[in-house]
Amino acid sequence: MEQSHMSKRKELLIRMLKDSDSEVSSAAAAALERLESLQSLEEVLQQLKKGDIAEKIRAIYALGAIGGEKVLKPLTYCASRPEDDLKAAAIDVLGNLAHSSTVPLLLEKLKDDNSGIRAKAIKALGNFADRSLTPHLLPFLEAGDGLTDVEAVLAIAKTGDILLEERIMQLATSPLSATRVAVATALGMLTPA
């Protein structure tokens with residue numbers, strides 16, 4: 001959007017904030033907030049396109065802060081990039097947003113060659129707290145790597161599925177302290193229905 005048009009809009013909306021009718025001032029405030037986020041979105045997308053790797057990662061997290069459906073396409077693109085740093089950041093943000101349309105992509109990332117990416121995808125899926133995802137997570141309980149098994153334990157616990165308590169408890173004897181910590185944490189999260 002051309003800058004002069006944006007400036008004119010903002011000036012008018014700022015004046016409308018002082019309207020005697022509270023509905024008008026509330027609508028003006030909401031419109032200003034939306035215009036600010038759109039302007040921010042354009043800036044963030046530019047940073048994502050032209051920045052170095054660190055700037056791109058910051059842009060990915062900024063997209064998460066902006067939120068909404070408009071950020072899903074660039075985040076999905078980043079999650080599919082070959083660079084593990086970008087992919088991991090995008091998966092992390094997609095998990096925090098927990099938009100149902102991203103579940104297939106996150107399930108696909110469970111097959112990634114990099115165990116760190118798989119762990120990010122497991123954690124992201126855990127944010128959905130959806131029991132229907134459990135069958136995809138269960139195999140990772142057997143990983144024994146202190147990474148994907150940890151995230152699987154915690155993701156499964158977020159579903160609140162008390163029927164998996166025994167399965168989680170079996171990992172309490174893991175030689176890896178990270179796995180045992182996850183088991184203890186998960187057992188505190190599970191509550192009877």
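**Threonine 102 and two helix pairs**

Threonine 102 sits in the loop that joins α5 (84-97) to α6 (103-109). The model is predicted, and the description that follows is of that model. With a relative accessibility of 3%, threonine 102 counts as buried, because the cut-off for buried is under 20%. Apart from neighbours within four places in sequence, the residues in contact with threonine 102 are Leu72, Thr76, Leu94 and Phe128.

On the α3 side, the contact is made by Ile53, Lys56, Ile57, Ile60, Tyr61 and Gly64. On the α5 side, Asp85, Leu86, Ala89, Ala90, Asp92, Val93 and Leu97 take part. Sorted by class, the residues of this contact are nine nonpolar, one polar and three charged.

A second pair is found further along the chain. Helix α9 (residues 148-158) packs with helix α11 (residues 177-189) at an angle of about 0°, and their axes are 9 Å apart. These helices are therefore roughly parallel to each other. From α9, the contact uses Asp149, Val150, Val153, Leu154, Ala157 and Lys158. From α11 come Ala178, Thr179, Ala182, Val183, Thr185, Ala186 and Met189. The contact of α9 with α11 comprises nine nonpolar, two polar and two charged residues.

Note on methods. Residues numbered from 1 in each chain as written. Predicted model: local features only at pLDDT ≥ 70, side-chain atom pairs only at ≥ 80, totals over all residues. Heavy atoms only, no water. Helix = DSSP H or I, 4+ residues; strand = E, 2+ residues; numbered from the N terminus. Buried < 20%, exposed > 50% of the residue type's maximum accessible area, 1.4 Å probe, protein only. Contact = heavy atoms within 4.5 Å. Nonpolar A, V, L, I, M, F, W, Y, C, P; charged D, E, K, R; others polar. Axes fitted to C-alpha atoms, helices over the stretch in contact; angles between N-to-C directions. Parallel < 35°, antiparallel > 145°, perpendicular 65-115°, else oblique.
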